[in-house]
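I opened the model to look up a few packing details. My entries follow.

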Amino acid sequence: MEKYKTVISGVILTVLLGACATNGVSSEGNALPNAFQDAGGTTDVLSSTYFGEYLAGREALREQDADAALHYFDDALEERADDTILLGMALQAALAKGDIARAVKIAPFAVKGEGDQSTANLVLAIEALAKNDFAAAEGYFQQTSDNGFNVLLKPLLMAWVRLALGNVDDAFAELDALDRYNGFDALKEYQSALLADVSGDRLLADQKYSEALNGPSGRTVRLVQSYGAFLDRTGRRDQVKPIYEEYLAQFPLSPTIQAELDNLAAGRPLEPVVSDARSGAAEALYSAASIIGQERAIGVAATYIHFALHLEPELPMARMLLAETAEDRGNWQEAFDLYSNINPASPYGKNAEIRAAWAVYKLGRKEEARARLENVAAAYPDDIEALVVLADVSRDAKEWTEAAKGYGRAIDRIKVYEPRHWSLFYARGVAHEQSRQWPLAEADLMRSLELRPDHPQVLNYLAYSWVDRNENLDKAREMLIKAVSLRPRDGFIIDSLGWLYYRLGEYDNAVIQLEKAVSLEAADPTITDHLADAYWRVGRREEARYQWQRALWLDPAEDQVPLIEEKLKHGLVDAPKAEK
């Protein structure tokens, strides 16, 4: 952690002088701790351990090292425990780290600071919910602002607070705030069904579940699971199995619904997804995190998941989502630890072990990852997921022959091919093509198209391969025009069409398409190289040389470098069209 102190040592005076010039605001726009604003000179502050810890903590936060940041802020707080700005920074670090217990300790002091203290009030509200103190939670939520992600979270949590306080109508009214924003319809319908269910009003719950199932949320697994449990509790167990089987027909890999079907077969009651206001709030936090994660706000999503687990520690799908956010941030050790802590007996146990193996691979332990995946594959002899990820390991390592064999093992376990299996034949086809086994690759790609006709990804790969081999060009043209019509903003597919025109000698058309492709994928060296070739063919030599030079700057594959360098020196072998 000392690296952060090293980083800040050279800028400490600049930051301080900038703060003095801007009345206590640093050059980065953040308020400085109160003690520095009151400093009469620079000597004492520059020698202050407190100031060094503060700046090091802020640098660690900037580098997304929340653990180090919290360490530094805590050290600074030992000297200035009442500094509200430091407390606010420490609160941010605690939340970024997922240390909710520490955040709960800091929040009562941080909330006393000036300005908007929504984060501290939100932490205090979550703690009140954890203690079933809904009146206190209501007060804290009322002190949070209605901006940022609070426009989503606040109505969801306030609805459950209102329900707990006995105000059912007010609970539904809180959710109406979601109507002001696009994209929240499905979430509102799902939460409305849960509110009605927990309220004990069977008729209202029937109505809300029906609306949700027929609306945009009807395909969500948690809604289907919750509705099945509701039917089971209200004496309609015979209606549950068809609903679950219909869902599995669409999403056959759902561990949640498969586990519920196993419970039905064993005669076990189906447990409700939400049983009271606190678990309802936890479900709302989990749902909000799922939505926010799709917007790439991974840090906020992770914080909301930690809040959900603070309310309901036994929430395995929340732990799975938390591990996925760690993957998204590239924190593979954290992801591995989270997956490893999921109960192997839960519906998510198998998936957690597979994802843990992938994390192990990303940590550089490839053979250990393979051993883990082989163990899962042996434990589930009718399942293909572990074998697919095992093949993915080989593909990611560019071990193409092994990847093809791995996908083949998965394919061999399938008794009846369905449209969803197109991706396996596609993946094996790519592996065969990369390992120079074109007849096998072509057969797999054709089989993939049989299972999923007109899939643009497969159309593009097969047609481009034909173009590159100067085969079946008329068929390739038809397929690429279809692929571009399906994905008109995909620069790689447009590049394939442009390269086809180039191979056909239609250089003007090639330039049109390749210029579009470069505009969409400006950093791709292969597309840039293709455009340079087309420019040369139509006589635009200076532009061609410039694009070849760009292609070299864009770090092409090692075997492409000498080819591009040769073209840059001598152009193409045969003469281009007349200069324009």
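Which residues of the largest nonpolar core touch the most other members? I found Leu-129, Phe-141, Trp-160, Leu-285, Tyr-304 and Phe-307, in a core of 189 residues. A nonpolar core here is a set of buried Ala, Val, Leu, Ile, Met, Phe, Trp, Tyr and Cys residues joined through side-chain atoms within 4.5 Å.

I noted the conventions next. The model is predicted, with local features needing pLDDT of at least 70 and side-chain atom pairs pLDDT 80 or more, while totals for chains, interfaces and linings use all residues. Residues are numbered from 1 along each chain as its sequence is written, and side-chain values use heavy atoms, without hydrogens or water.

Beyond its neighbours within four places in sequence, Phe-141 is in contact (heavy atoms within 4.5 Å) with Leu-122, Ala-125, Leu-129, Lys-154, Leu-157, Met-158 and Val-161.

I then looked up a helix pair (helices are DSSP runs of H or I, at least four residues, numbered from the N terminus). The axes of H13 (residues 185–199) and H14 (residues 202–213) come within 8 Å and cross at roughly 165°; axes are lines fitted to C-alpha atoms over the stretch in contact, with angles from 0 to 180 degrees between N-to-C directions. H13 is therefore roughly antiparallel to H14 (angles over 145 degrees). Residues of H13 that meet H14 include Tyr-190 and Leu-194, and those on the H14 side include Leu-204 and Tyr-209.

Last, I checked Ser-465 in helix H28 (residues 456–469). Ser-465 counts as buried because its relative accessibility is 7% (the cut-off is under 20% relative accessible area, 1.4 Å probe, protein chains only). Outside four places in sequence, Ser-465 is in contact with Glu-433 and Trp-438.

Definitions and conventions: Helices (H or I, at least four residues) and strands (E, at least two) are DSSP runs, numbered from the N terminus. Angles under 35 degrees count as roughly parallel, over 145 as roughly antiparallel, 65 to 115 as roughly perpendicular and the rest as oblique. Buried means under 20% relative accessible area, exposed over 50%, partly exposed in between (1.4 Å probe, protein chains only).
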